Every structure is written in C-alpha cells, then in structure tokens.
Amino acid sequence: MAFGLAPRKVRPKVPLRHGEGSKFRLTSLEGLAALALDALSSVAYGPQAIVVVLAAAGTGAVTAVLPVTLVITGLLVVLVISYGQVIAVHPDGGGAYAVAKESLGVRSSLLGAASLVIDYVLSVAVSLVAGAASLASAFPVLAPHLLAVCLTGLILLTAVNLRGIAESARVLMLPAVLFLVSMFGVIAAGLLRSHPAATVGTGQPVHASQTLGVLLLLKAFAAGCSALTGVEAIANGVPMFRKPRVKRAQRTELMLGALLGAMLVGLAVLIRRDHVAPRGGVTVLAQVTAGAYGTGWAYYATNLIVALVLGLAANTSFGGLPVLMSLLSGDNRLPHLFGLRAERPVHRYGVVALALLAGGLLIAVNADIERLIPLFAIGVFTGFTISQVGMVRHWARQRPAGWVSRALLNAVGAVLTAVAGVVLLTTKFLAGAWIVVLAIPLLMLLFARIQRYYTAVGAELGLGRIPARPHQAASLVIVPLGEVSKLAERAITAALALGDEVVALAVHSDPGAADALRQTWERWKPGIRLDIVDSPHRSLVHPVVDYVRRARADGRQVAVLIPQVEPRSRRYQILQNQRGTLLATALITHTDVVVCMLPYRLAR
C-alpha cells in the first residue's frame, strides 16, 4: 500500500512435478501432428483404392472418382462435426467407447472398445508397412528387408512416445508440414498444367469385368472410405491437449477436416482430368505427382516425404489407444496398470502394449500389406457407426435447443458409415475380414471377464460397505539376520519401533558358525531374543517361511522386517545377493504376514 498498490489475495500454489506442466500437453497444431497424421496421410491410399475398384469397369469408369470422392468428403464433414460434438460431450476422451457407454449400454460400449483397439493396432501395422514399401520403391535394396525396416520404425516411435505425446508431436511437426506443402504443391502445380508433365510406371491392360452400376459405386465408396481412418483419434485423445482442452481439440478436428477434404477433392480432380489408371510399379499418387512435377528432384522428394509420413502416421495410434486403455482400466475392463501414468502424462503400459501387439502382427504377416488391407478399416467404421448412433440417442434424451438438426446430422452419418462398413465386410470377408469378425467378440469376452473378476474381488473386499471396527492384537516382529553388524543394529532399532515383541532369526547349516553367532550376540546384548534355525540343506527361504507360519499360529499379528543392502550405484546391484527379495516374495506368496523391506544404502 505504501507504493500505491492495491492489495492482492495471494493463494498458495502447489509446485508441479516434472511432466505436469502444460508444456507436456498438446497445442492445436501439435495435436494435428500427433493425432491427425494417420488421417492426413490416408490420401496416399484412399484415392487409389477408389481407382482400383472403378478400373474393373474399364478406364472410362475412372471418371466417377470425383463424384465418389465428393460423397466421401460429405461424409467427412458429417464425421468432423459429429466428433466435434463428441469432444464437447465427452471431454475425458474415449470416442465411440465413451459415447456408447453413456447412451447405448454395456454391449455396445464393449463392441466400440474392441473395434477401436483392433483398428489402432492395424493402423500402426498398415502405416509402417506402407511407409516401408514406399521407401523400398525409392531404394530397391531395402525390398528384401521390409520387416526389419518396419520393426525399426516401430521401436523408434515407441521410444519417442515413452518420453511423452508432446515430445512426439514436436518430432512429427516438420514431417507433417512438409507433407502438407508437398500435397498442396502437387495439386496446385497439377491444376496449372493443361496436361501431365510426365508419365511413370508400366502400362497394364485393363479388362472390363463389371459394369459401372450401383454395386460398383458402393464398392468404390467403401474402399475410398479408408481415407477417413484416423478421424476419430482426436476425440479419443482429448485429455492430451492443453487447457482449454475442448476448444483446442475441436479446433484440431476442424483443421483436419478442412485439410483432408481439400486434398481428397484436389487429387480426385487431377485423377479425373488426366484419366489416371492403375499402372505397374507405381502408386496413383506417384502418377499424379509425376504429372504435376515431372520426374525431377521434386518428384523423388515428394515420394520420400510420403514414405516418411506414412511410417510416422502410426503415431496417431500411440496417442489414442493408451488413453482408451486407461479408460477401460478405469471401468475395470482392462488391468488397472493401464491406468498408471509416468511423471510425464504418458500411459506407458498402453504404449508398450500397442508396440508389442503391432510388432507381433507385423511378424505374423511378414510385413505384407496385401495381408493387412482386408483387415483394415472395418473396426473403425464399426466405431464410427456406434458413435453416430450413440449421439442420436444422446440428443434424443437431453433435447437441448436445436437438438433435432444435430440428431438428423448424426443419423445421416450413422447410415453412411454403416453402409460403408457392411460393404467392406461383405467384399473382404473371405480375403481376411473374417479374422476381425472373430477377434472383436473375443476382445469383448476378455473385457467382460476382467470386469467380472474385479466385481468379485470388490465383493470379497467389501468395497462400498462399512467394515467391522479395527481391533488391537499382540504383535511380533521377526528380523532375519545373518551376522552381527551395523545392518543388524539398524534393523533391530527399526523393529523395536514397530511391534510389542522383536525376535532375531538366523538360519545356519554349520553348527560352528551358529555357536559363534550366539556368542557374539551375548557379548552385544541387543535386548532381544535370537533364534537360530538349523538348515542341513543350506536352504534359507523354507526354514524362515516355516518359522513364520508357526509364529503366526497363535493368532498374533506378525511382521517380518528384512534388511537389504542397497549399493550407491546401480551397476553394483548384481554384486549384492538377492536373498532379501527372494525371501520377501516367498513370504508374500505362502503367508499372510506383513512383509517390510528396510534398505541400508551404502555410501560407496
């Protein structure tokens, strides 16, 4: 006040631990790199999937790529708006699982969770394999080593994500920007040309085996909808954004929709104008790139960037699945360790689980993308449909202002995604989609069994009920020792503070050593009894366990205090015997006594 300052109310602040500050969470732009790269990079294979299906009716049918893409873009708009609503209604993340749990019931939520888990694992595998294949196209020497390239990329992504999602976003920011600049550069340069600058790949005869009818258009629509995979990841990862989380996540979802829609329509215009058809040895995107840039350095640079981003697109799953697994663990449908976080906001067990599942899948299919594609996208469209139906139910229950238009938008999205999912399933069932049909119920069964186990455990522990009042009982503290030392003095001092009676216990196989210990003990006079157990077979663990069981038989509360030497440096840990750890494990397994570890930290 002496300086003319108004008084301020100072509130005490609790200092943040390392990793809890906002710098370890995502901004909108970082969210685009960390959670949307999968969806953005899908322009590398989504338009090609449409062209391959339409080419079955002849090269002339490829002109239908633009109307099919416009319908897919319309569905993209519906999904972006819908997931913006999901973000607002469920700011804790979870996407389709959270929506179904609230609005559709247990079975639908389990179905949504299972489909999302499968889709995330497949997204990692497909992205890495597609990136490795594109890289091998530029460097053919890598072609025989696709699996090794994929596993190397998986290890790198896992290591980056174990440091934190914000760290991975910063690593991915530059590749994401380069990819967007390259794609929009291809579209702009292509539109400025009146005809393709160059043609790449080898010509292939196209034999029309079908007519361009409704069924073929539906197949092309369903195949092209693979470009929409990853749209849901932002809604699943809302807790990873900085505050205000909802606004940042919604802004990221809108940016994703605008960028992806513009790239899809722009590429479709070029494909239709230049009559791009499947050719040997190159992708459709490579043909469009050659038509825009020619075959100079820009062509090769763009292909390398696409290969890099396809590999890095797997990071989207590392941002979404660990959050989903955390929510499932919170609902007792996965082991609770998946809900644990490190100092940085990272669900490390979820990250490691995703890496192991994706690595196992890559090894099982030997990094062959033709064996992965039939499994891809079915799970995500199941999640899309569940999310849309759940939001319709949500609006019908809440009935806020303008709820009819919102529900109608979600209903249209539900119909379109359901149609795409059914067409994908029927056309790819024998090609491998049956595996997904089998895996989803098995995952649902796993979730239900885990929940049943936790429910039974809760009932046995009496969770939610008031237990009987605690009662005091006589106590005994047992201290296993090998010899008289400063370690023994520290352990006995601690034990005297813990219980009514303290007993030192030694196990010896040599009578002479036992007598020497007894004499030393009498000279020391620590004030407690020493019991020596004879062990002719030189066993330590079993004699101690038997002694503790006998001591527990009279109803006393027994605690075992095990002193353990801890070296100053970890590299000396192997030089210490591990008897204390082994003994503690055996006591916990075979008795119901309290087991305490007392560390004695060495100064050198």
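Me: In this predicted model, which relative accessible area counts as buried, and is Ser82 buried or exposed?
Reply: Buried means under 20% relative accessible area, and exposed means over 50%. Ser82 lies in helix 4, residues 65-89. Its relative accessibility is 0%, so Ser82 counts as buried.

Me: Which residues is Ser82 in contact with, leaving aside neighbours within four places in sequence?
Reply: Ser82 belongs to helix 4. Once the neighbours within four places in sequence are set aside, the contacts of Ser82 are Gln388, Met391 and Asn410.

Me: Is Ala414 buried or exposed?
Reply: Ala414 is part of helix 18, which covers residues 403-461. Buried requires a relative accessible area under 20%. Ala414 has 10%, so Ala414 is buried.

Me: Which residues does Ala414 touch, not counting those up to four places away in sequence, and how far is Ala414 from Gly390, C-alpha to C-alpha?
Reply: With residues up to four places away left out, Ala414 touches Thr385, Gln388 and Val389. Gly390 is 24 residues from Ala414 in sequence. In space, the C-alpha to C-alpha separation of Ala414 and Gly390 is 9.3 Å.

Me: What is the radius of gyration of the protein chain, and why does the chain count as more spread out or less spread out than a compact globule?
Reply: The protein chain has 22 helices and five strands. For 604 residues the globule rule gives 25 Å, and the radius of gyration is well over that, so the chain is more spread out than a compact globule. The C-alpha trace spans about 105 × 65 × 60 Å along its principal axes. The radius of gyration is 32 Å.

Me: What share of the contacts in the protein chain with a separation of 6 or more comes from residues 24 or more positions apart?
Reply: A contact here means heavy atoms within 4.5 Å. Among contacts with a separation of 6 or more, the share from residues 24 or more positions apart is 81%.

Me: What percentage of the accessible surface of the protein chain belongs to carbon and sulfur atoms?
Reply: Of the 604 residues, 49% count as buried. The accessible surface of the chain comes to about 29,700 Å². The part that belongs to carbon and sulfur atoms is 63%.

Me: How far apart are the mean positions of the positive and negative charges of the protein chain?
Reply: The chain carries 53 positive and 28 negative charges.

Me: Which peptide bond is cis, with omega near -5°?
Reply: Most peptide bonds are trans. Pro244 sits in the loop between helix 10 (233-236) and helix 11 (245-273). The cis bond with omega near -5° runs from Lys243 to Pro244.

Me: What is the phi of Asn332, and is Asn332 buried or partly exposed?
Reply: Asn332 is in the loop between helix 14 (315-330) and helix 15 (348-365). Its relative accessibility is 28%, so Asn332 counts as partly exposed. Most residues other than glycine have a negative phi. Asn332 has a positive value, near 65°.

Me: Is Lys525 buried or exposed, and what is its phi?
Reply: Lys525 is located in the loop between helix 20 (511-524) and strand 3 (529-534). Its relative accessible area is 69%, so Lys525 is exposed. Its phi is positive, near 55°.

Me: How many disulfides does the structure hold?
Reply: Cys150 is buried at 1% relative accessibility, and Cys225 is buried at 0%. A disulfide needs a pair of cysteine sulfur atoms within 2.5 Å. The number of disulfides in the structure is zero.

How values were computed: Residues numbered from 1 in each chain as written. Predicted model: local features only at pLDDT ≥ 70, side-chain atom pairs only at ≥ 80, totals over all residues. Heavy atoms only, no water. Helix = DSSP H or I, 4+ residues; strand = E, 2+ residues; numbered from the N terminus. Rg over C-alpha atoms; globule rule 2.2 N^0.38 Å. Buried < 20%, exposed > 50% of the residue type's maximum accessible area, 1.4 Å probe, protein only. Areas by Shrake-Rupley, 256 points an atom, 1.4 Å probe, with all protein chains shown as cover. Lys, Arg positive; Asp, Glu negative; His and termini not counted. Charge placed at Lys NZ, Arg CZ, Asp CG, Glu CD.
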